[in-house]
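Please look over the sequence and the 3D structure below before reading on.

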Amino acid sequence: MVKLRLKRCGRKQRAIYRIVAIDVRSRRDGRDLRKVGFYDPIKNQTYLNVPVILYFLEKGAQPTVTVHDILRKSEFFKEGTSS
């Protein structure tokens, strides 16, 4: 099963997270299938590759609770997808 989840990057005390499509059996910083965006909680910036996220969601990928909240705050689900 594939999940959309966060992968930690950046330096100590300055975390930046990549939003990745990754197999559920992989570690947090393990090998991902595809990078689909990033989230910077310090600057409160988000970049989403919408076509790729839609592709993975259509194929059955499940976003984690945190990624779902990030997608909801960026109004991703108002584009016609339901959740």
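What follows is a short briefing, grouped by topic.

This is a predicted model, in which local features need pLDDT of at least 70, side-chain atom pairs count only at pLDDT 80 or more, and totals for chains, interfaces and linings use all residues. Residues are numbered from 1 along each chain as its sequence is written, and side-chain values use heavy atoms, with hydrogens and water left out. The protein chain has two helices and five strands, where helices (H or I, at least four residues) and strands (E, at least two) are DSSP runs numbered from the N terminus.

**Overall fold**

- Along the sequence, the elements of the protein chain come in the pattern β-β-β-β-α-β-α.
- The radius of gyration, taken over C-alpha atoms, is 12 Å for the protein chain, which agrees with the value near 12 Å for a compact globule of 83 residues under a rule of 2.2 Å times the number of residues to the power 0.38.
- Along the principal axes, the C-alpha atoms of the protein chain fill a box of roughly 40 × 30 × 20 Å.
- Of the 83 residues, 33% count as buried, a class that means under 20% relative accessible area, while exposed means over 50% and partly exposed lies in between (1.4 Å probe, protein chains only).

**The sheet and its helices**

- Five strands form an open sheet in the order β4-β3-β2-β1-β5, with mixed pairing, and two strands pair if DSSP finds at least two bridges between them.
- The edge strands are β4 and β5 (62-63), each of which pairs on one side only.
- Helix α1 (residues 50-58) packs on this sheet, touching β1 (2-11), β2, β3, β4 and β5, and its direction makes about 120 degrees with that of β3; here contact means heavy atoms within 4.5 Å, and axes are lines fitted to C-alpha atoms, for helices over the stretch in contact, with angles from 0 to 180 degrees between N-to-C directions.
- Helix α2 (residues 65-73) also packs on the sheet and touches β1, β2, β3, β4 and β5, with its direction at about 85 degrees to that of β1.
- Strands β3 (residues 34-40) and β4 (residues 45-48) run antiparallel and are joined by four bridges; Gly-37 has Leu-48 as its bridge partner in β4, and Phe-38 stands opposite Tyr-47.
- β3 and β4 form a hairpin with four residues between them, and Asn-44 in the turn has a positive phi of about 60 degrees.

**A closer look at Val-20**

- Val-20 lies in strand β2 (residues 14-23) and is buried, with a relative accessible area of 0%.
- Leaving aside residues up to four places away in sequence, Val-20 touches several others, including Leu-4, Lys-7, Asp-32 and Val-36.
- Val-20 and Leu-33 are 13 residues apart along the chain, and their C-alpha atoms are separated by 7.3 Å.

**Salt bridges**

- The count comes to four salt bridges, each being a side-chain nitrogen of Lys or Arg within 4 Å of a carboxyl oxygen of Asp or Glu.
- Arg-25 and Asp-23 form one of them (2.9 Å, N to O), and Arg-25 counts as exposed because its relative accessibility is 74%.
- Asp-32 and Lys-35 meet in another (3.9 Å, N to O); Asp-32 is buried at 15% relative accessible area, whereas Lys-35 is partly exposed at 45%.
- Arg-72 and Asp-69 also meet in a salt bridge (3.2 Å, N to O), and they are separated by about one helical turn because they are three residues apart in helix α2.
- Salt bridges that share partners join Lys-7, Asp-32 and Lys-35 into one network.
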